[in-house]
Amino acid sequence: MDQPIWLTFIVAFILMNVLLVGMAYMTLFERKVLAAMQDRVGPNRSGRFGLLQPLADAVKLLGKEDLIPKHADKIIFYFAPLVIFVTAIVRVAVIPFGNQIEIGGQPVALFAADLNVGALFLLAFGSLGVYGIILGAYASANRYSLLGGLRAAAQVVSYEIILGLSLVGVFLLSGSLSVRQIMLQQSAELQVGPLTMPNWFILSQPLAFVLFMIAAVAETNRAPFDMPEAESELISGFHTEYSGFRFSFYFLGEYINMIIVSLFAATLFLGGVDGPGADRYWGLGVLWLVLKVTVFLFFYIWLRGTLPRFRYDQLMGIAWKVLLPLVLLNIIVTAFIRLIGNGQIF
Amino acid sequence: MSWEVVIFYLLALVSILSAGGIVVASNPVHAGVFLILSLFNTAGIFVMLGAEFLAAVQVIVYAGAVLVLVLFVLMLVDPDDLPEFHAGRPVQRVVAILLGVILLLEVGIAILNRTIVGARGNADAMTIEFLGGNVQAVGNVLYSNYLLAFEVVSLVLLVGVIGAIVLALPERLGERVRHRRDTISLAHARGVDMALPEGVRGESPIPVPGARREEPVAEATRELIMTRDPDSYTDAGEPGGSRFRPR
Amino acid sequence: MTELGVNHFLFLSAVLFIIGMMGVLTRRNILIIFMCIELMMNAVNLSLIAFAWESNTMYGQAFVLFTIAIAAAEAAVGLGIIMALSRQVYTVDVDEMRTLRD
């Protein structure tokens, strides 16, 4: 475990940059997949297959005029986009991309931090992110923005509960809150009769996984839960007044949040870097993780291309009347099974 | 100076400054932002004291709680009151500062002169490492020594939730709250209401059944926002004159 | 290991508590008074954790968890009361809430 602090900084720096590049190509991926679903071609003018499109988008966004509404609360208007961006990108620190490896005799950990409360860290920063939305909405001095912000607040407060409680089953089974410990536990193999299966928590906690994914889509404000920026009702919701550079921070924050939530789900439920050959070659492990994340991101885009938006009262009704009882049921059943397994009852 | 000292003073400074910000901020939304900043920095100090679990709990619980507070500000505070600074009468301020200084002196003397009674516990770094970490150590104490208290606290939370629901209900179910003012747009100090002549408020375009509507005075003509020159809504141009300045 | 003693943390806690107290005493907006009460509670939590750190036990941390839970219940009920009150008097200024005195 001994590595100098500068090495951790380098790992964190690389992780952040990979995340930013991944986010840029995530937008291209989304546009291409959506185009294919709608029988279009998608961006194909800049570079081969439109591969330079993210670069062109970035240049366009940076070149736009930075407008500030006259009655805006200027200070809050300035820093609200930064809140959502920073809280999104900080969360990558506790995601493990593998174990310790050796590069030239120097042990290097493929994660920035192994916190004892890693999963709670992810949830905490996820709930801080909504301040970026509500403060930006308030500061814009625009009624559509404020409506979007209020929707975002109510939605995130409700779905955060589902998100946190759906993980309690995993915590009960693994006995740890550290993301890395949970991932390591899943690399064991499970014998069920003649079958040998990976000990992934999606197999022991299928209900929790489904609930987690629903809550995660709501938490990242993506379709069909994109109430805060419902363009047919609220122009574009909380970022109506934002343009140029500041808008790009909201944009970055949303996509990085999607990638982080996908990483989180892949690590907690799908074994993270676990896969054939991953215990021998760390590169293969990272590849497996990227593959799992890509599947999740495709799922996000698929939802966006398929489902219409929920009505607002339906959205809140689902959270409190359907998902919350289900997630509590999952906790109770898991706790009982855990007790029986320990031989503490019966 | 080790790194820990530097980090402590940084966290403490930001925490104290933002705590002062809550007291002097004239806008309650700013006060809410300062509060979350202060709590966040205190969570950082919790981590320094080896209480990672409580730091995470602090951020999660208070992030939600303060968010709801900010929402209440947006809903309840009259926009005309927003820029004013409600800081009581001068005598109150003087008395508060005096009391604060006296209390700080007393507590300071108490801190410097205290003695430790009782033996030190055994929860050193080794034991915590053996238990698996801070979360496991807290859980161990919580569920072996304080199980009854834990159950009672969960009951208190349940009663609190029911009480909040009962308080927030209208007097009779299904009845709208009497004398309802306009929708949230009113709660915003510097919305497009400012584009109207003085003394006139815009209403929500959505009709609220049973709500008391304030009719605008006859000579007020409402203009759609886009019929004006867009530059008059940004900092680029200042054609509006004194009426359009933010209050 | 460190030059930081428990007194540093206790002083920070005291300063935060007193700032919160001054806010409660001077401010008139009921929501800001509420925020200052949260700040005072947070200062007390900090001192409890500092004592636990000093005496090398976990009891202080367990106690803070209870405090946070009670604070959450208090926030729920307090905001409910503020909302019910503001329906009656249409203000959040505590000086204007004097039905009992008049």
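Predicted model: local features only at pLDDT ≥ 70, side-chain atom pairs only at ≥ 80, totals over all residues.

Student: Why does the radius of gyration of chain A agree with a compact globule?

Tutor: Because a compact globule with 346 residues would come out near 20 Å, and chain A has 21 Å. Along the principal axes, the C-alpha atoms of chain A fill a box of roughly 65 × 55 × 45 Å.

Student: What share of the contacts in chain A is between residues 24 or more positions apart?

Tutor: 76%, taking the contacts with a separation of 6 or more.

Student: Is chain C compact or spread out?

Tutor: Chain C is more spread out than a compact globule, because its radius of gyration is 17 Å, well over the 13 Å that the globule rule gives for 102 residues. The C-alpha trace of chain C spans about 60 × 25 × 20 Å along its principal axes.

Student: What about burial and contacts there?

Tutor: In chain C, 48% of the 102 residues count as buried. Residues 24 or more positions apart make up 50% of the chain C contacts with a separation of 6 or more.

Student: How many residues go into the contact between chain C and chain B?

Tutor: Chain C gives 63 residues and chain B gives 68 residues.

Student: Which element of chain C gives the largest share of that side?

Tutor: Helix 3 of chain C, with 22 residues. Helix 1 (6–26) and helix 2 (30–55) of chain C are also among the elements that give two or more residues to the side touching chain B.

Student: Last topic: which residues have the most contacts inside the largest nonpolar core?

Tutor: A:Ile134, B:Ile22 and C:Ile49, in a core of 174 residues. Helix 3 (residues 52–76) of chain B provides the largest share of this core, 17 residues.

Student: And what does A:Ile134 touch?

Tutor: Leaving out residues up to four places away in sequence, A:Ile134 touches A:Gly149, A:Ala152 and A:Ala153, along with B:Leu67 and B:Val70.

Note on methods:
Residues numbered from 1 in each chain as written. Chains lettered and ligands numbered in written order. Rg over C-alpha atoms; globule rule 2.2 N^0.38 Å. Contact = placed C-beta atoms within 7 Å. Helix = DSSP H or I, 4+ residues; strand = E, 2+ residues; numbered from the N terminus. Core = buried A, V, L, I, M, F, W, Y, C linked by C-beta atoms within 7 Å. Buried ≥ 20, exposed ≤ 12 C-beta atoms within 10 Å, placed from the backbone.
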